[in-house]
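Subject: Structure handover

Hi,

Here is the structure I promised to pass on.

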Amino acid sequence: MAKPGHSWSRPRAGKEEEEEEEGEDPLDARIARTGCLEQHRELQECMERHRDWRECQAQVRAFGACMARREHRE
């Protein structure tokens, strides 16, 4: 089951609550270390809006490209 930080149907939290939750989510922390957190968040927001990954292909490609660049650097 998805962790609370990655649930597309979660109610919108206030800024303080959202930052606190992000600090607790190990997946967000791992993605932040890749340098691709912004692309990941954009993908999450798109999925929350559309609830259909086919509508979020630009974000999927951007996140995938960012992760590929990171792997290439290592």
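Residues are numbered from 1 along each chain as its sequence is written, and side-chain values use heavy atoms, with hydrogens and water left out.

Confidence first. The protein chain has a mean pLDDT of 80, and 66% of its residues reach 70 or more (pLDDT is the predictor's confidence in each residue, from 0 to 100). Where pLDDT is low, the predicted coordinates should not be read in detail.

Now the overall layout. The chain has 4 helices and 0 strands, running α-α-α-α from the N terminus on. Helices (H or I, at least four residues) and strands (E, at least two) are DSSP runs, numbered from the N terminus. Of the 74 residues, 24% count as buried; buried means under 20% relative accessible area, exposed over 50%, and partly exposed in between, with a 1.4 Å probe and protein chains only.

There is also an annotation to go with this. UniProt, in an unreviewed entry, lists residues 36–68 as "domain: CHCH" (UniProt positions are given in the numbering used here, feature names are shortened, and annotations may be inferred rather than shown by experiment). In the model, that span is 79% helix and 0% strand, and its end C-alpha atoms lie 10 Å apart.

How do H3 and H4 sit relative to each other? Their axes come within 9 Å and cross at roughly 160 degrees. Axes here are lines fitted to C-alpha atoms, for helices over the stretch in contact, and angles run from 0 to 180 degrees between N-to-C directions. The two helices are therefore roughly antiparallel (angles under 35 degrees count as roughly parallel, over 145 as roughly antiparallel, 65 to 115 as roughly perpendicular and the rest as oblique). The crossing of H3 and H4 is left-handed, meaning that the near helix is turned anticlockwise from the far one by less than a right angle; clockwise would be right-handed.

A couple of C-alpha distances go with that picture. Glu 38, in helix H3, is 25 residues from Phe 63 in sequence, with 8.6 Å between their C-alpha atoms. Arg 61, in helix H4, is 18 residues along the chain from Leu 43, and their C-alpha atoms are separated by 9.5 Å. As for accessibility, Glu 38 is partly exposed at 48% relative accessible area, whereas Arg 61 counts as exposed at 54%.

On to the cysteines. How many disulfides does a search of the whole structure find? It finds 2, a disulfide being a pair of cysteine sulfur atoms within 2.5 Å. With the bonded cysteines numbered in sequence order, the pairing is 1-4, 2-3.

The link is left-handed, with -95 degrees about the S-S bond. Cys 36 is buried at 0% relative accessible area, and Cys 66 also counts as buried, at 6%.

Another disulfide joins Cys 46 to Cys 56, S to S 2.1 Å. Cys 46 lies in helix H3 and Cys 56 in the loop between H3 and H4, so the pair ties together parts that are 10 residues apart in sequence. The torsion about the S-S bond of Cys 46 and Cys 56 is about -95 degrees, so this disulfide is left-handed. Both Cys 46 and Cys 56 are buried.

Arg 51 lies in the loop between H3 and H4, and its phi is near 55 degrees, a positive value in a residue other than glycine. Most residues other than glycine have a negative phi. Arg 51 counts as exposed, at 51% relative accessibility.

Cheers
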